[in-house]
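Thanks for making time this morning.

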Amino acid sequence: MATSIGDLVLVHYEGNPAFYARIEDIEADHKPGWYHVHMMALMTPSHEFSWILREEYINGDVFTMGGNKMRLEKVGPPRGLIPQGTGAESSMEDSSTDGKKSGEKKGGQAKVVSLMDRKK
């Protein structure tokens, strides 16, 4: 499972989870096999930073920074959630819609539900 731009990672410090970050960009360094990894720490306030890492470190191998053990762990979607567009999202069909997916109107167009109306 390769880590890439846009992925969410959990940064471990000395074997303990420290904070989440999103990988914003990965650029090749002038040294072969090393990369500038630009990340945004997901905390308040957010903080942008860059580390120079080898590909195996980006993909989860342990490395040291200032003598401290560090590791990036890619975080996937929560279990049970399937990204849309994979073809696997065929949810349970609602029997009241004559075999159509829940929220789908006749003619194949999805029904739009206002969040403001749901609060009422």
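**Confidence, sheet and rings**

For the protein chain the average pLDDT is 81, with 71% of the residues scoring at least 70.

Two remarks on conventions before the fold. Residues are numbered from 1 along each chain as its sequence is written, and side-chain values use heavy atoms, with hydrogens and water left out. Since we are looking at a predicted model, local features need a pLDDT of at least 70 and side-chain atom pairs count only at pLDDT 80 or more, while totals for chains, interfaces and linings use all residues.

In what order do the strands of the sheet lie? Six strands form an open sheet in the order β4-β3-β2-β1-β6-β5, with antiparallel pairing; strands here are DSSP runs (E, at least two residues), numbered from the N terminus, and two of them pair if DSSP finds at least two bridges between them. The edge strands are β4 and β5, each of which pairs on one side only. On average, neighbouring strands of this sheet are turned by 45° against each other, direction ignored, where the axes are lines fitted to C-alpha atoms and angles between N-to-C directions run from 0 to 180 degrees.

Let me now go through the pairings. Strand β1, residues 8–13, is joined to β2 by six antiparallel bridges, and six bridges also join β1 to β6, again antiparallel. H12 illustrates both pairings, with P17 as its bridge partner in β2 and R71 as its bridge partner in β6. Between β2 and β3 there are seven bridges, and the two strands run antiparallel; I26, for example, has V37 as its bridge partner in β3. V37 in turn stands opposite W51 in β4, and β3 and β4 pair in the antiparallel sense over eight bridges.

E14 is partly exposed, with a relative accessible area of 36%; the classes are buried under 20%, exposed over 50% and partly exposed in between, computed with a 1.4 Å probe on protein chains only. The hairpin of β2 and β3 has five residues between the strands, and G33 in its turn has a positive phi of about 85°. In the loop between β3 (34–41) and β4 we find P45, and the peptide bond from T44 to P45 is cis, with omega near -10°. As background, most residues other than glycine have a negative phi, and most peptide bonds are trans.

Turning to the rings, a search of the whole structure finds five aromatic pairs, the criterion being that ring centres of Phe, Tyr and Trp (its six-membered ring) lie within 6.5 Å, with planes under 30 degrees apart called stacked, over 60 edge-to-face and the rest tilted. One of these is the edge-to-face pair of F19 and F49, at 6.0 Å centre to centre and 80° between the planes. This pair links distant parts of the chain, with F19 in strand β2 (residues 16–28) and F49 in strand β4 (residues 47–54), 30 residues apart. Y57 and F63 form a tilted pair, 5.3 Å centre to centre with 35° between the planes, and both Y57 and F63 are buried. Ring pairs link F19, W34, F49, W51, Y57 and F63 into a cluster. The charged end of K31 sits over the ring of W34, 5.0 Å from its centre, which requires NZ of Lys or CZ of Arg within 6 Å of the ring centre and within 35 degrees of the ring normal.

Finally, which residues does M65 contact beyond its neighbours within four places in sequence? They are W51 and M70. M65 is found in strand β5, residues 63–65, stands opposite N68 in β6, and counts as partly exposed at 29% relative accessibility.

Methods: Helix = DSSP H or I, 4+ residues; strand = E, 2+ residues; numbered from the N terminus. Contact = heavy atoms within 4.5 Å. pLDDT = per-residue confidence, 0-100.
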